[in-house]
Amino acid sequence: MTNALAAQTQDATAEDAAARDLTDGFHLIIDALKLNGLNTIYGVPGIPITDFGRMAQAEGMRVISFRHEQNAGNAAAIAGFLTKKPGICLTVSAPGFLNGLTALAHATTNCWPMILISGSSEREIVDLQQGDYEEMDQLAIAKPLCKAAYRILHAEDIGIGVARAIRAAVSGRPGGVYLDLPAKLFGQVMDAAAGEKSLVKVIDPAPAQLPGADAVARALDVLKGAKRPLIILGKGAAYAQADESVRAFVERSGIPYLPMSMAKGLLPDDHPLSAGAARSLVLKESDVVVMVGARLNWLLSHGKGKQWGAEPKKFVQIDIEPKEMDSNVEIAAPLVGDIGSVLDSLLAGMGAGWQKPNPEWTDTIRDKVDGNVAKMAPRLMNNNSPMDYHGALGRLKTIIAERPDAILVNEGANTLDFARSIINMSKPRKRLDVGTWGVMGVGMGSAIAAAVETGHPVLAIEGDSAFGFSGMEVETICRYNLPICVVIFNNNGIYRGTDSNENGDGDPATTVFVPDARYDMMMQAFGGVGVNATTPDELARAVNEAMDSGKPTLINAVIDPTAGTESGRIGNLNPQSVVKKK
Ligand code: OXT
Ligand code: ADP
Ligand code: MG
């Protein structure tokens, strides 16, 4: 070895040693996330977080790069719902942050844990409003739209900052948390040993919350006095992963249950106590209603009005959030606690002498369910071309029944409402949809997170409008080769494809799209499988093939443009104009 080379080698070793003793913001954030079992990031790269994404990937994290932050955020939100751990979304400053913020607000509204981590510009310049690159006071903007918002300014605070974010996201009522990381933080250097010591592994992030004995006794008293009791299961019950307790409570009590949309499958939809196909009847006729992780919001007409019948009802409500009680109507027996603990306490209190409801009540419900199911059955068999919702969904119902582990993603208006009532779910957390806001655009993000988090095949049933909000992510699906089959219910528009513009200026009506578009070709553009299906049989063949092969697939399902109705089943929420047309 020449002297010069030996000297060079020595320098390099000294440098390596020095480097080994130091760490920086980049690595501390990665280490803090990994220490807490958060190993997947959904995001879009760019200044100042490009290198962070690269390093996270190099350090063994799964980093899924999207085409738009809102979709990455929706993926993180649904990852939170599926795993009970905060889903992580990573965005660049100002515009990227704002793109992710809708998803953070969506996660908060739905009570799902998520952390939006965003890079931000230089504090000194932002605070003096001197016009930095992508300048924005992101922390202030995020605060009203999420459960908690924090900023970390110093590398030694990263451990505590990440721990705070995790605890805020998952404890109590889960929700979205914003974590602001100014660009300068990433490069801050500190001693590696001190850095390691500064990290925090969050112990018991969502502690069990037991209800008081008096609250349990009160609830059981109310239930014992019921003649026509009903259980409503909400997506909080699905989130809680207390599946055995939910099943035991329903079956031991013998009380019929109504699943909210994302609670379908907690018990199989064809369970003898399911009142899903007798919704109107049970809401109207029940006298005592036990809410389990469901809110009395717009989806349940706020617990009052015509839908709930003339007789006053008594509500028992199980929720982790005390403020939820009495939010819309009086709650006769509030049970504040986590669903598993509360249901187990109720089960213990029911004892051996528990009286199941009078068969007159359960038989009436059974008759209604059987009647409604029988009425729908023949419509699901049709092989019409162009397809209607029933013919197409009838085939997809069979496919989901044959593949109980597959995850169903669903958005649209008619596409959503018909699929919800037609397709039975048989396992918990297998149905992912538009949630509390009825928001379009969650489809591809949800599908990607479902595939990434569970490894199971995903069937995404999408209205053509709904799909358009996140459609570019088909490239992401192909890039990561995910087992996702997207079926677009293409009826040429929003609700129907038949509207015309009464102005006569030649512009299309506001609710219609390019007729007979071939969405399948979008998938082909990125190397996936694209199929145009014009009959239910063709559709079934293509979906079965996709679910068997696991290849990224998009099926353009040609639906009769006249088949849908305005706003699906919630047309009543549209305001009406009193001005007569000229
Ligand atoms: O008991 P009764 O007799 O009443 O019968 C009920 C059940 O008992 C029975 N049933 C059954 N019968 C037989 N067999 C079985 N298995 C069975 N199961 C049930 O069926 C009926 C109905 O049951 P269901 O569904 O349980 O009950 P119901 O009464 O519908 O429940 C009430 C609700 C409120 C709980 C329910 O309707 C619900 O969950 N609704 C959610 C609705 C929703 O969120 N919709 C999405 C929003 S609409 C609109 O806003 C859209 N936009 C605007 C927009 C949005 N949203 N977001 C953003 C970011 N920008 C803009 C847009 C752009 S939708 C939309 C696009 C639409 O176009 P697409 O092309 O995407 O879609 P298409 O419409 O297909 O064209
Ligand atoms: P749905 O739309 O299905 O009716 P909501 O989102 O309205 O459901 O309600 C979910 C409820 O579940 C929220 O009020 C939330 O506080 C509650 N919740 C979430 N997780 C838990 C849990 N582990 N234990 C008890 N309640 C929970
Ligand atoms: Mg449509």
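Here we go through a ligand site and one residue, term by term.

Mentor: Keep in mind that this model is predicted.

Trainee: Why is Asn556 called buried?

Mentor: Buried means under 20% relative accessible area. Asn556 has 1%, so the label buried applies.

Trainee: What makes the pair Asn556 and Asn532 a polar contact?

Mentor: The cut-off for two N or O atoms is within 3.5 Å. The side chains of Asn556 and Asn532 are joined at 2.8 Å, so the pair qualifies. Asn532 is also among the residues that Asn556 touches, including Ile488, Tyr519 and Asp520. As for its place in the fold, Asn556 belongs to strand S19, residues 553-558.

Trainee: How do you know that Lys235 makes a polar contact with ligand 2?

Mentor: A polar side-chain atom of Lys235 sits 2.6 Å from an oxygen atom of ligand 2. The limit is 3.5 Å, so this pair counts. Ile339 contributes through a polar backbone atom, 3.1 Å from a nitrogen atom of the ligand. On its own, ligand 2 has 580 Å² of accessible area, and the protein covers 97% of that.

Trainee: Which helix gives the most to the shell around ligand 2?

Mentor: Helix H12, residues 235-239, with three residues. The shell as a whole divides into seven nonpolar, six polar and five charged residues.

Note on methods. Residues are numbered from 1 along each chain as its sequence is written. Chains are lettered from A and ligands numbered from 1 in the order in which they are written. This is a predicted model: local features need pLDDT of at least 70, side-chain atom pairs count only at pLDDT 80 or more; totals for chains, interfaces and linings use all residues. Side-chain values use heavy atoms; hydrogens and water are left out. A polar contact is a pair of N or O atoms within 3.5 Å; within protein, one must be able to donate a hydrogen and the other to accept it, and residues adjacent in sequence count only if both atoms are side-chain atoms. Accessible areas come from the Shrake-Rupley method with a 1.4 Å probe; for residues, only the protein chains shown count as cover. Helices (H or I, at least four residues) and strands (E, at least two) are DSSP runs, numbered from the N terminus. Ala, Val, Leu, Ile, Met, Phe, Trp, Tyr, Cys and Pro count as nonpolar, Asp, Glu, Lys and Arg as charged, and the others, Gly among them, as polar. Buried means under 20% relative accessible area, exposed over 50%, partly exposed in between (1.4 Å probe, protein chains only). Contact means heavy atoms within 4.5 Å. Lists of a residue's contacts leave out its neighbours within four places in sequence.
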